[in-house]
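Trainee: I would like to learn how to read this structure. Please take me through it feature by feature.

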Amino acid sequence: MVVKDQDEKDRDGKQYRQFWYELCLEEKKNPASLAGSIRNATKKIQEYRDDSKLLPFPVWQDAVNAGIVSDRKRYISLIREISISLAISDLEKRSNKDEMALIHLVRILDETDKSISRLSEKVEDYYIAQHLAELPGDERNIWSLIDAIARDRDHPLNHLAKNIHRLHDSRTCISSDVREYAGKILPNMSALCGPLVSARLLARVGSRSQLARMPAASLQVLGAGPSLFAHLSSGSDPPKHGIIYQYKGVRHAKRQLRGRVSRVLACQLATAARIDYYRGAADEEFLRKASEKITLAGKLA
């Protein structure tokens, strides 16, 4: 089998189509760099693949006959290495670093909130166990309690109380970063329902492209998995909202109006997600009209 040089051209001026393993031949000729040649071969294969110049249905015996690999085992190993390298290269090419940063930041923020809440609850449990006489009718401020423990150097939970304070300070910084990223990546959604709610919707879906393709009905109940499952399995009332309940316009609306506000908000967010994905800039005219519709939905007829 004759392996054609990748720069050789046919009579029409087009490059010959090749099997993927033929593109590894040049790297094979230089044993000293063979260990680090996978990435270089991957770039060539990626270029040929994108230009539809790769021949389909390769046969491992041909790769052996061409001297690219020694046997079938090495051929399978080379396929594995090239496939992993191609997957990594495609992910690097298609991923949006700011988008991924926002997704992970908001997940870290939510985990930080859970940690603070659980640790604060344990501190309160400790206080109750040590001061049973104060329990009836006592309304304590948990943060005042943690502050007092943090100032008491001899208290057994002094170090933990200080760490809770540090964790809370870290939470504030992370929240600020989430707001900044969300305002840049999801400007229209952030303007409608706030950057934190927008970021949590994005984190739940996984990407802006999927968020832009999501219908409003799905967006409305996103995050209400248990309630939706109960509705489908037992026939209970369907959920009216999921993550979007965290938006103050839904949370503070009268109970009989929450469903309507949620539906209108979800419809506007679905449109905002598409604008954010395809345009990437705030649409002031859309935001003005959408805000009016959401505000009107929260008023009694």
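Mentor: This is a predicted model. Asn-158 belongs to helix H7, which covers residues 158-185.

Trainee: Is Asn-158 buried or exposed, and why?

Mentor: Asn-158 counts as buried because its relative accessibility is 9%, and buried means under 20%.

Trainee: How confident is the prediction, in terms of pLDDT?

Mentor: The average pLDDT of the protein chain is 83, and 86% of the residues score at least 70. Over residues 1-14 the pLDDT is below 50, and that stretch has 26 contacts in the model beyond near neighbours in sequence. Residues 31-35 also have a pLDDT below 50, with 3 such contacts.

Trainee: Which residues touch the most other members of the largest nonpolar core?

Mentor: They are Val-178, Leu-201 and Leu-269, in a core of 43 residues. Among the elements that give two or more residues to this core are helix H5 (97-130), H7, helix H9 (195-205) and H14. The largest share, 8 residues, comes from H14.

Trainee: What is Leu-269 in contact with, leaving aside its neighbours within four places in sequence?

Mentor: Leu-269 contacts Met-189, Leu-192, Cys-193, Leu-201, Leu-219 and Ile-244.

Trainee: Where is Ser-262?

Mentor: Ser-262 is in H14, which runs over residues 258-278. Ser-262 is buried, because its relative accessible area is 0%. Leaving aside neighbours within four places in sequence, Ser-262 contacts Gln-220, Lys-240, His-241, Ile-244 and Val-250.

Trainee: How many aromatic pairs are found in the whole structure?

Mentor: A pair of aromatic rings is described by the distance of the centres and the angle of the planes. The search of the whole structure gives 1 aromatic pair. Tyr-277 and Tyr-278 form this edge-to-face pair, at 4.8 Å centre to centre and 75° between the planes. Tyr-277 is partly exposed at 33% relative accessibility, whereas Tyr-278 is exposed at 62%.

Terms used
Residues numbered from 1 in each chain as written. Predicted model: local features only at pLDDT ≥ 70, side-chain atom pairs only at ≥ 80, totals over all residues. Heavy atoms only, no water. Helix = DSSP H or I, 4+ residues; strand = E, 2+ residues; numbered from the N terminus. Buried < 20%, exposed > 50% of the residue type's maximum accessible area, 1.4 Å probe, protein only. Contact = heavy atoms within 4.5 Å. Phe/Tyr/Trp six-rings, centres within 6.5 Å; stacked < 30°, edge-to-face > 60°. pLDDT = per-residue confidence, 0-100. Core = buried A, V, L, I, M, F, W, Y, C linked by side-chain atoms within 4.5 Å.
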